[in-house]
Amino acid sequence: MLRLENVSVTFNAGTPNEVKALQNLSLFVEDGEFITVIGSNGAGKSTLFNVISGAVQADSGRIELDGKDISYSPEFRRSHDIGRVFQDPRLGTCPGLTIRENLSLAAIHGRNVGLRRDVKKAEEAWFFERLQHQHLGLEHRLDADVALLSGGQRQAITLVMATLTKPKLLLLDEHTAALDPNAAEQVVALTTELAEADDLCVVMITHSMQQACELGDRVIMMNRGRIEFEISGEERKNLKPADLIDRFHSLQDGTELSDAQLLS
Amino acid sequence: MAINSSAAEPQQARDSGMMRSFLLRGIVLALVIAAFMRFGNVNIGAIGQGLGYALAGVTVFITFRVLGFVDLTVDGAFPIGGAVCAVLIFGGVRAEIAILAAFVAGSLTGLATALIDIVFKIEGLLASIIVITGAYTVTLHIMGGKSNVPLLGKETMISRHSKDFRNWLVEQFGDQMRRQSTNLLEIMIFGLLVIVILVILYWFLRTEVGLAIRATGKNDQMVRATGLNHHLMIIIGLMVANGLAALAGSMVVQQFGFADVSLGFGLIIRGLAAVIIGEVLLRPRTIGQMLIAAAGGMLVFDISRAWIFSALDLPTTDIQLVSALVVLAALGAPRLFDQWRSYRQRQN
């Protein structure tokens, strides 16, 4: 489904602040696969997402989605096939617009806007049903301003918006990190439910070792712009958060502050 | 459940409640203004003038509030619209066609600002100052190198009907109405035009494109993530907004009976004041109410300025200073009030 070949991204090239955010990274994600990505701060996880979604252009390499070369297509065009949920709940929805208007915008996904009515009567049942699945009661508040909702509610709406038109790929960038534990748990449940229902291809960045072990089919560990290791198959099934933390620590080579040092 | 929402709200009831309070505010405001004009000795010409400028207030509403784009282009688009309209009418073109042409010219001005912002990544404030500066020369060229084009004896939307209307008015209500006939005619024709344009604009903002434009101003990241080109939305938004400014310019030119290169001077500030006045006095909640509030704010601005003029008996040379002071009052008073309120809260 998604294929990255030797993708490199360097920020501030040629200056003292040069950062090699991605170094010859290659990644293949199969149809319907659910991948979790872990790694310390600055490992290149977010850059990986930005380069896939087109927010950042790759310096070299090739990106393919569903057999199509998208290396040079602009962000908004790639978004036709890619759904995204960000860490900041405020980024995924539009304050000042109602839930209905936000969902209507998401429903336009993948086609051009025209002079049709912004909110369509025909879509109401569809929105109602999608929101009803969440058991949050938001289906009764379609005309409420999104700005009035909590972070968890906004993130739940963002998830529904991102999956409304069944994208080929769903990118989740620590989408539960800013939520309280209860809300995070609910959003995770909603994520797996939506991913399974539509058999979506999902890549999810997380800082939670538990999420990395519980969700998805494959774990990828990133370090310094590279994929350090992958765990899949049998090994992934028996993976415990403790194992993952051990492997995480064994990577630190002492030249940089490690997470363990920072946290101690 | 942590993120469960409370029971469903009676949305319908709240909507109609909002609508009622908006209407109520509008009626109260209209009555207060009427009293002001009656006892403050303000000529009803101020209403006609406010209607002429009203769409420029809507321009600022669309750029600043809907698109979240700091755009001063209105200062340049307005005189360009006036110039195009005046030159066409002078050349014998029908006023309605001239107004449409002015709209197109204003849209192009907005397009210039949008492209400078998008292509060169120069922020809107600077981009629009660049455009205004260039627009001055463009306006002069449109007017054939002259700084002024008079429309004396030409057929405008106003002058076309003025004689018939005056005769009819005098016939119906007697000779004392003769003096006010042009003012009344302006109010009727411009009022109708402004209402028609606000209805079209409301329809436009409630289409898919309009929704995308509204979303762009609030969260362009999300618009991109939805697969829409947010640059295109900025372009369309600025074109429509500045087209409206030029339309207002073409109306004012017909009202004044001449076009002038300096017609748009300081208009951005007046537009901003109109938007703020409308928001403070009418507290609009929906997009339609906001449009009405922006146009109405311009009316209130022009009437209060006319009232100050008549109350203090000032010469017309003082007009820009009075405008600046009214704008200052409109922008400053709400802030001062907020500061005072939070001060009071701390005291308690």
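1. Start with helix H10 of chain B, which runs over residues 230-256. In this predicted model, H10(B) has 27 residues and reaches 39 Å from its first C-alpha to its last, close to the 39 Å expected at 1.5 Å a residue. H10(B) is also mostly covered, with 24 of its 27 residues buried. Look just past the end of H10(B) and you'll find Gly257(B), whose phi is positive, about 85°.

2. Next, have a look at helix H6 of chain B, residues 159-173. H6(B) has 15 residues, and its first and last C-alpha atoms are 21 Å apart, close to the 21 Å expected at 1.5 Å a residue. Even so, H6(B) carries a kink of about 25°, and the kink is centred on Phe165(B). Just after H6(B) comes Gly174(B), which takes a positive phi of about 95°.

3. Now for two residues whose backbone angles deserve a second look. As background, most residues other than glycine have a negative phi. Asn6(A) is not a glycine, yet its phi is positive, about 45°. You'll find Asn6(A) in strand E1 of chain A, which covers residues 2-11.

4. Where does Arg283(B) lie? Arg283(B) is in the loop between helix H11 (267-282) and helix H12 (287-312) of chain B. As for its surroundings, Arg283(B) has 13 C-beta neighbours inside 10 Å, so it counts as partly exposed.

5. Last, the place where the chains meet. Chain A puts 39 residues into the contact and chain B puts in 28 residues. On the side of chain A that touches chain B, the elements giving two or more residues are helix H2 (75-78), helix H3 (89-92), helix H4 (99-108), helix H6 (151-163) and helix H7 (181-197) of chain A. Which element gives the largest share of that side? That would be H4(A), with 5 residues. By type, the residues on this side of chain A divide into 14 nonpolar, 16 polar and 9 charged. One thing to watch when reading: the H6 in this list belongs to chain A, whereas the kinked H6 belongs to chain B.

Key. Residues numbered from 1 in each chain as written. Chains lettered and ligands numbered in written order. Predicted model: local features only at pLDDT ≥ 70, side-chain atom pairs only at ≥ 80, totals over all residues. Helix = DSSP H or I, 4+ residues; strand = E, 2+ residues; numbered from the N terminus. Expected span 1.5 Å × (residues − 1). Buried ≥ 20, exposed ≤ 12 C-beta atoms within 10 Å, placed from the backbone. Bend = angle between axes of the 7 residues up to and from the residue. Contact = placed C-beta atoms within 7 Å. Nonpolar A, V, L, I, M, F, W, Y, C, P; charged D, E, K, R; others polar.
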